[in-house]
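Subject: Structure handover

Hello,

Here is the structure I said I would pass on. My notes follow below it.

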Amino acid sequence: DANGCKGSDSTYVLVLEGAKGGDLAVNGTSFCDGDSITLTLQNYLGTIKIETSSSSTGPWSLASVTTVNESTFKTALSSSAFFRAFLTNGTCTEYSNVVSVTSKPNPTKPIVSPTSATICQGQTTTLSVTNYTTGITWNDAASTQAVDLTIGTAGSYKASTTDNGCTSTSDPVIVTVNAKPATPTITLIGTNPKCDGDSVTLKSS
């Protein structure tokens, strides 16, 4: 200035590191309805939210996921879907790549009748399957592949059917086997009768 004094003014600009979308991957590409899938994000920066849509272009909504760790998430499929990660870092946002997951429908659930059975030791019962579209496999010791299963062993029995890599299983049928009562012993009380019409006394034990 006129007095020979010098002054200065400084302006500081703070540059925040932006969010980084990263690389989203899924543990496969083809699943069955109800399967749990794992989504993993790598090379990212920011706080993660997983979004889902029925279309690769949206609209997008938050996915219902279980957090395994800060970059790994699990979710159950009910149909084919697309997933992406939404990253926030301060006021900065970014998206990951989009991954496509195909979910195949499960076959019709088999129905087994009767719904329960009680037999005596040494007897058998037959369980039969209806409401199925492909071959049947039972969970007995022999993994029987037949519509009808004849068994004489107590246990919980189920029938499964598989189509296009997806499996449906019936409700369990409980088979109970009751032990036979002890064979009674008949004892004659007194002496053998000598004539027709004589009475005798027998004892069971």
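Which residues form a nonpolar patch on the surface? They are Ile186, Val200 and Leu202, and together they have about 290 Å² of accessible area. Please keep in mind that this is a predicted model. Ile186 counts as exposed because its relative accessible area is 54%, and exposed means over 50%.

Next, the charged pairs. Side chains of opposite charge can pair when their charged atoms come close. Searching the whole structure gives 2 salt bridges.

Arg84 has a relative accessible area of 14% and Glu51 one of 11%. Buried means under 20%, so Arg84 is buried and Glu51 is buried.

Another salt bridge is formed by the side chains of Lys109 and Asp171, at 2.8 Å from N to O. Here too the pair links distant parts of the chain, with the partners 62 residues apart. Lys109 is in the loop between β10 (99-104) and β11 (111-113), while Asp171 is in the loop between β18 (166-169) and β19 (173-178). Lys109 is partly exposed, with a relative accessible area of 39%.

Regards

Terms used
Residues are numbered from 1 along each chain as its sequence is written. This is a predicted model: local features need pLDDT of at least 70, side-chain atom pairs count only at pLDDT 80 or more; totals for chains, interfaces and linings use all residues. Side-chain values use heavy atoms; hydrogens and water are left out. A salt bridge is a side-chain nitrogen of Lys or Arg within 4 Å of a carboxyl oxygen of Asp or Glu. Buried means under 20% relative accessible area, exposed over 50%, partly exposed in between (1.4 Å probe, protein chains only). Helices (H or I, at least four residues) and strands (E, at least two) are DSSP runs, numbered from the N terminus. Patches are made of residues with over 30% relative accessible area and no salt bridge: like charges are joined within 9 Å, nonpolar side chains (Val, Leu, Ile, Met, Phe, Trp, Tyr) within 5 Å. Accessible areas come from the Shrake-Rupley method with a 1.4 Å probe; for residues, only the protein chains shown count as cover.
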